[in-house]
Amino acid sequence: MLRGKETLYVPYISPRDWKGTLRAFGVIARFLRTHEFDGVYSTGAAVALAAFLQPKLIRTPKTYVESVSRTMGPSLTGRIVSFLPSVRLFTQHRGWASRRWAYMESLLAQYDTRSPGSRAGAPNNLFVTLGTIAPYRFDALIDAVVESGCAGPSTVWQLGATSRKDLPGKVYTQMAADEFMKAAEDADVVVTHAGVGTVLQLLELGKSPVVVPREKARSEHVDDHQSQICDLLSERGLGIVTSARNLSADHLKRAMKQRTEVHE
């Protein structure tokens, strides 16, 4: 959607990273010296605060759509933003909608899983992506994939903060967008952490990914919101959801037989 558009990238902001938020605030403030906007839209994270609190944008209409992963209530950013009376707030979950938080249909409503069942056997091409969230490692998922016996020379790994040198196949820390798309499209099966952006991108490609949540108890994320998105995916029958401790070759084989369909 951003192809051909003017785009400003701010430095990476870790969860609960107030110094990073202040750095992003400065980057956006300098950008706004030479730019004008008619509206501000955000789906959360600290970068939302860096934009919404800009003095130059104080009279600019603002809209905040909480992430679909927040099934029980707003994120920390959402709770902070809700104190700004000028911001329109939307949730994708009817269960916690209110006068302040208006309900809008979930992004996941446009996807369905189909099982043609035409493929059998173990996957030959495997793509494992852990996102780029730092500084959180996710060794439990990598170890589970290796122990499944499905990883091999054709496996592609995108590991983010989880540096490893003991894996078969090609290993990347980060991947350019076109490299990511090609790896996902070429894969028989994609195994991913439960990052909303990654999951939505894979569903859009027609993949039925194996989705594994990071767990706060293992210091894999700041909280357990990835378990919330996994519960939602299970409820809607999208992808194959499992924990790292339970991941097996059977999950990968089941995912290989499924496809995701996108409808209006």
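Predicted model: local features only at pLDDT ≥ 70, side-chain atom pairs only at ≥ 80, totals over all residues.
User: Which residues of helix 4 are buried?
Analyst: In helix 4, which spans residues 139–147, the buried residues are Leu141, Ile142, Ala144 and Val145.

User: Where do they fall, seen down the helix axis?
Analyst: The buried residues of helix 4 fall within an arc of 160 degrees, so they line one face of the helix. An α-helix has 3.6 residues a turn, so residues three or four places apart point the same way.

User: What covers them?
Analyst: The cover includes strand 6 (126–129), strand 7 (156–158), strand 9 (189–193) and strand 10 (210–212).

User: What follows helix 4?
Analyst: Helix 4 is followed by Gly149, which has a positive phi near 85 degrees. Helix 6 is followed by Gly206, with a positive phi near 90 degrees.

User: Turning to the aromatics, how many pairs are there?
Analyst: A search of the whole structure finds five aromatic pairs. One of them joins Tyr64 and Trp101, whose ring centres are 6.0 Å apart and whose planes lie at 75 degrees, so the pair is edge-to-face.

User: Which parts does that pair tie together?
Analyst: Tyr64 belongs to strand 2 and Trp101 to strand 4, so the pair ties together parts that are 37 residues apart in sequence. Tyr64 is buried, at 0% relative accessible area, and Trp101 is buried at 7%.

User: And what is the geometry of Phe127 and Phe180?
Analyst: Their pair is edge-to-face, with 5.3 Å centre to centre and 70 degrees between the planes. Phe127 lies in strand 6 and Phe180 in helix 5, so this pair ties together parts 53 residues apart in sequence.

User: Which ring does the charged end of Arg94 sit over?
Analyst: The charged end of Arg94 sits over the ring of Tyr103, 4.1 Å from the ring centre.

Technical notes: Residues numbered from 1 in each chain as written. Heavy atoms only, no water. Helix = DSSP H or I, 4+ residues; strand = E, 2+ residues; numbered from the N terminus. Buried < 20%, exposed > 50% of the residue type's maximum accessible area, 1.4 Å probe, protein only. Arc of directions from axis to C-beta. Contact = heavy atoms within 4.5 Å. Phe/Tyr/Trp six-rings, centres within 6.5 Å; stacked < 30°, edge-to-face > 60°. Lys NZ or Arg CZ within 6 Å of the ring centre and 35° of its normal.
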